Amino acid sequence: AGFTTVRLYTINEKNKQALPYLIQGEKINYFELIDEDAQKITASDLDAKQRPALIFIFSRPCSPCDKNILYWRKMRQILKDRVEFYGIVLNNAAVALNFADKAKLNFKVYIPSDLEQFIKKLRIRLNLSQTILYSHNQVIYLKLGKLEGNDATQIINMTKKLI
């Protein structure tokens, strides 16, 4: 029984690593970001926060084309400072800052300090944007790709329950 349990656990971990996204209940172990003021945010900072976090990972390669920006701005407007917001642009600092200015975002934009490591650890294998609700050291909800009005409402309601 012990051998079977270990084998099934190993197979499960291998299959989980093959997924192109994080799954519900999973802990984010790697989260090294740099903001526009060159301040570093790490996974321990993310876990230490008592408030839920909304993590917006912009689509690649065209972050300005991301249709989710409208919903993300609205979430920030509704939830205000009761939630941590992380807008993550998978590019260099110059591109991220120029983009943030042009898009008139109402939340901070970050870039990964090590882009390849960030992509690997968060298993970002698709060019789709991601909306992640993270609380109590685990992924509560993740939506790949384009948000719809119902998705945004659901995320806002879930977040309010966690506050």
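Trainee: In which strand is the place of S135?

Mentor: Keep in mind that this is a predicted model. The strand in question covers residues 130-135, and S135 belongs to it. The strand is β6.

Trainee: Is S135 buried or exposed?

Mentor: Leaving aside neighbours within four places in sequence, S135 is in contact with P52, I140 and L162. Its relative accessibility is 4%, and buried means under 20%, so S135 counts as buried.

Trainee: Which residues have the most contacts inside the largest nonpolar core?

Mentor: This core has 25 residues. Among the elements that give two or more residues to it are β3 (53-57), α3 (69-79), α4 (93-103) and β5 (109-112). A second, separate core has 21 residues, including A43 and F118. In the largest core, the residues with the most contacts are L54, F58, M75, F85 and L105.

Trainee: Which residues does F85 touch, not counting residues up to four places away in sequence?

Mentor: F85 is one of the residues with the most contacts inside the largest core. F85 is also buried, and G87 points the same way from β4 as F85 does. The residues that F85 touches are L54, F56, M75, R76, L79, K80, F107 and Y110.

Trainee: How many residues of strand β4 are buried?

Mentor: From β4, E84, Y86 and I88 point one way, while F85 and G87 point the other way. In a regular strand the side chains alternate between the two faces of the sheet. The residues on both sides of β4 are buried, so β4 is largely enclosed by the rest of the structure, and the count is five of the five.

Trainee: Which residue stands opposite G87 in β5?

Mentor: On one side, β3 and β4 run parallel and are joined by five bridges, with I55 opposite Y86. The strands β4 and β5 also run parallel, joined by two bridges. In that pairing, the residue opposite G87 is V109.

Trainee: Why do the buried residues of α4 line one face of the helix?

Mentor: The buried residues of α4 are A96, F99, A100 and A103. An α-helix has 3.6 residues a turn, so residues three or four places apart point the same way. Seen down the axis of α4, the buried residues line one face because they fall within an arc of 100 degrees.

Trainee: Which exposed residues does the face of α4 turned away from its buried side carry?

Mentor: The buried residues of α4 are covered by elements that include α3 and β5. The face turned away from that buried side carries the exposed residues D101 and K102.

Trainee: Which residue caps the N-terminal end of α4?

Mentor: Just after α4, K104 takes a positive phi of about 55 degrees. At the N-terminal end, a side-chain oxygen of the capping residue lies 3.2 Å from the backbone nitrogen of A94. The capping residue is N92.

Trainee: How many residues apart in sequence are the parts that R123 and E26 tie together?

Mentor: The side chains of R123 and E26 meet in a salt bridge, 2.9 Å from N to O. R123 lies in the loop between α5 (115-121) and β6, and E26 lies in the loop between α1 and β1, so the pair ties together parts whose separation in sequence is 97 residues.

Trainee: Which residue forms a salt bridge with D35?

Mentor: D35 is buried, with a relative accessible area of 8%. Its partner is partly exposed, with a relative accessible area of 31%, and the closest N and O atoms are 2.8 Å apart. That partner is K108.

Trainee: Is D81 buried or exposed?

Mentor: The side chains of D81 and R76 meet in a salt bridge, 3.0 Å from N to O. R76 is partly exposed at 21% relative accessibility. D81 has 52%, and the cut-off for exposed is over 50%, so D81 counts as exposed.

Trainee: What distance separates the C-alpha atoms of E32 and P112?

Mentor: E32 sits in the loop between α1 (2-18) and β1 (33-34), and P112 is 80 residues away along the chain. E32 is in contact with residues including I111, P112 and S113. The C-alpha atoms of E32 and P112 are separated by 5.8 Å.

Terms used. Residues numbered from 1 in each chain as written. Predicted model: local features only at pLDDT ≥ 70, side-chain atom pairs only at ≥ 80, totals over all residues. Heavy atoms only, no water. Helix = DSSP H or I, 4+ residues; strand = E, 2+ residues; numbered from the N terminus. Buried < 20%, exposed > 50% of the residue type's maximum accessible area, 1.4 Å probe, protein only. Contact = heavy atoms within 4.5 Å. Core = buried A, V, L, I, M, F, W, Y, C linked by side-chain atoms within 4.5 Å. Salt bridge = Lys/Arg side-chain N within 4 Å of Asp/Glu carboxyl O. Arc of directions from axis to C-beta. Polar contact = N/O pair within 3.5 Å; in protein donor to acceptor, adjacent residues only side chain to side chain. Pairing = 2+ DSSP bridges.
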